[in-house]
Amino acid sequence: MAGRRTSQNACLPNPSRPYGSNNPNSRVRLIAFILLALIVIVGLAILITWLAIKPKKIQFSVDEGWIQNYSLANGKLNSTFNFVIRAYNPNSKGSIYYDTMDVKVYYRGQTVATETIEPFFQPHKNVTRIMLQNKAQNVALQGRAVHDLKVERTGGEVDLDVKIKGKIRVKVGVWKSRHKMKVLCSPVVVNFSNHTKFRRIDCEVDNLQNLLAFSSTSPFLKLHDGASSFLPP
Ligand SMILES: *[C@@H]1O[C@H](CO)[C@@H](O)[C@H](O)[C@H]1NC(C)=O
Ligand SMILES: *[C@@H]1O[C@H](CO)[C@@H](O)[C@H](O)[C@H]1NC(C)=O
Ligand SMILES: *[C@@H]1O[C@H](CO)[C@@H](O)[C@H](O)[C@H]1NC(C)=O
Ligand SMILES: *[C@@H]1O[C@H](CO)[C@@H](O)[C@H](O)[C@H]1NC(C)=O
Ligand SMILES: *[C@@H]1O[C@H](CO)[C@@H](O)[C@H](O)[C@H]1NC(C)=O
């Protein structure tokens, strides 16, 4: 190694000014320069990727809702709450694996029905409609809820909340990341007798603005990581 270096130096036009490896000062400078250049290049690559991906929130809405087999007696409720949930992935890059999705229907803050959505995969720019049948079976309503529900039944419409908690994976190119997802649809107003009276409602989706930006494999993640709080433990 040393012998080769010597022969290279012998070929330099000005051997009286030793260059590079022979001068510790300039070697440090060269290494610092290379490191800086690497940081700039990696930073630019991440910035360009980031701009190309332009992450957008997933959108959820409840498009349809209707009630079947409603009955309320002795403070106990039987009813089937049917919903059509629309999930839209507006990203042109980035597909989503919905691994778990638990749906709860609330009346006056009380859970009346629980359901799960089968895992599914959503490509980019895709709309997926999910048909949900949430059954309340002999659900004991607490406090004023019994009275309130009777009043709403007479009025013809009921005010519900629909919450979805899920775990998803997002894939952007080679990046893959896991996230928790929370969706709140409120109020979901359902007419007891007429399906077509339903007014579509947009849901709030939690934390998803960070969704595509943060990946457990991306170094960028660790710099700006506000997302760690909703990564699974
Ligand atoms: C409604 O009740 C009828 C019988 O009472 C039953 O056959 C039907 O499956 C129920 N529908 C739903 C959606 O629960
Ligand atoms: C609800 O359905 C159960 C059977 O699933 C029945 O025993 C009960 O009486 C029903 N309650 C009401 C309020 O209709
Ligand atoms: C959305 O993706 C699903 C599953 O890949 C597919 O069946 C459906 O046709 C897609 N919908 C649209 C509007 O592209
Ligand atoms: C339901 O509502 C639609 C639109 O408001 C109306 O045209 C239709 O007649 C209603 N159906 C019933 C059974 O009341
Ligand atoms: C629910 O639908 C029925 C039947 O179409 C209609 O008469 C009633 O006005 C609707 N209720 C409300 C609160 O819109």
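Hi everyone, thanks for coming. Some housekeeping before we look around. What you see is a predicted model, in which local features need pLDDT of at least 70 and side-chain atom pairs count only at pLDDT 80 or more, while totals for chains, interfaces and linings use all residues. Residues are numbered from 1 along each chain as its sequence is written, and chains are lettered from A and ligands numbered from 1 in the order in which they are written.

Let's begin with confidence. pLDDT is the predictor's confidence in each residue, from 0 to 100. For this protein the mean is 82, and 76% of the residues reach 70 or more. Over residues 1–12, though, the pLDDT is below 50, and this stretch has 5 contacts in the model beyond near neighbours in sequence. A contact here means two residues whose C-beta atoms, placed from the backbone, lie within 7 Å. Residues 211–233 also stay under 50, and there the model has 34 contacts beyond four places in sequence. Where pLDDT is low, the predicted coordinates should not be read in detail.

Now the overall layout. The protein has 4 helices and 10 strands. Helices (H or I, at least four residues) and strands (E, at least two) are DSSP runs, numbered from the N terminus. Of the contacts with a separation of 6 or more, 69% are between residues 24 or more positions apart. Buried residues make up 20% of the 233 residues. To be buried, a residue needs 20 or more other C-beta atoms within 10 Å of its own; with 12 or fewer it is exposed, and in between it is partly exposed, with C-beta atoms placed from the backbone.

Next, a sheet. Which order do its strands take? The order is E6-E2-E1-E9, in an open sheet of 4 strands with antiparallel pairing. E6 and strand E9, residues 201–202, are the edge strands, each pairing on one side only. Two strands pair if DSSP finds at least two bridges between them, and E1 and E9 are joined by 2 bridges. In one example, serine 61 has aspartate 202 in E9 as its bridge partner.

Let's zoom in on phenylalanine 83, which is found in strand E2, residues 76–89. Is phenylalanine 83 buried or exposed? It counts as buried because it has 24 C-beta neighbours inside 10 Å. Leaving out residues up to four places away in sequence, phenylalanine 83 touches Val62, Glu64, Gly65, Leu132 and Val162. Take glutamate 64: phenylalanine 83 is 19 residues from it in sequence, yet the two are 5.4 Å apart in space, C-alpha to C-alpha.

Now for some backbone details. Most residues other than glycine have a negative phi, and most peptide bonds are trans. Asparagine 69, in strand E1, has a positive phi, near 55°. Asparagine 69 is exposed, because it has 9 other C-beta atoms within 10 Å. Lysine 125 also has a positive phi near 55°, and it lies in the loop between E5 and E6. With 13 C-beta neighbours inside 10 Å, lysine 125 counts as partly exposed. As for the peptide bonds, a cis one joins serine 186 and proline 187, with omega about -10°. Proline 187 lies in strand E8, residues 175–191.

Finally, the ligands. A residue is near a molecule or strand if its C-beta atom, placed from the backbone, lies within 6 Å of it. Around ligand 2 we find Ser71, Leu72, Ala73, Lys76, Asn78, Gln137 and Asn138. Strand E1 (59–73), E2 and E6 each give two or more residues to that shell, and E1 gives the largest share, 3 residues. By class, the shell around ligand 2 has 2 nonpolar, 4 polar and 1 charged residues. For these classes, Ala, Val, Leu, Ile, Met, Phe, Trp, Tyr, Cys and Pro count as nonpolar, Asp, Glu, Lys and Arg as charged, and the others, Gly among them, as polar.

Ligand 3 is surrounded by Phe121, Gln122, Pro123, Asn126, Val127 and Thr128. Strand E5 (120–122) and strand E6 (126–140) each give two or more residues to this shell, with E6 giving the most, 3 residues. The shell around ligand 3 has 3 nonpolar, 3 polar and no charged residues.

What surrounds ligand 5? Its neighbours are Gly155, Gly156, Glu157, Asn191, Ser193, Asn194 and Lys197. That shell has no nonpolar residues, 5 polar and 2 charged.
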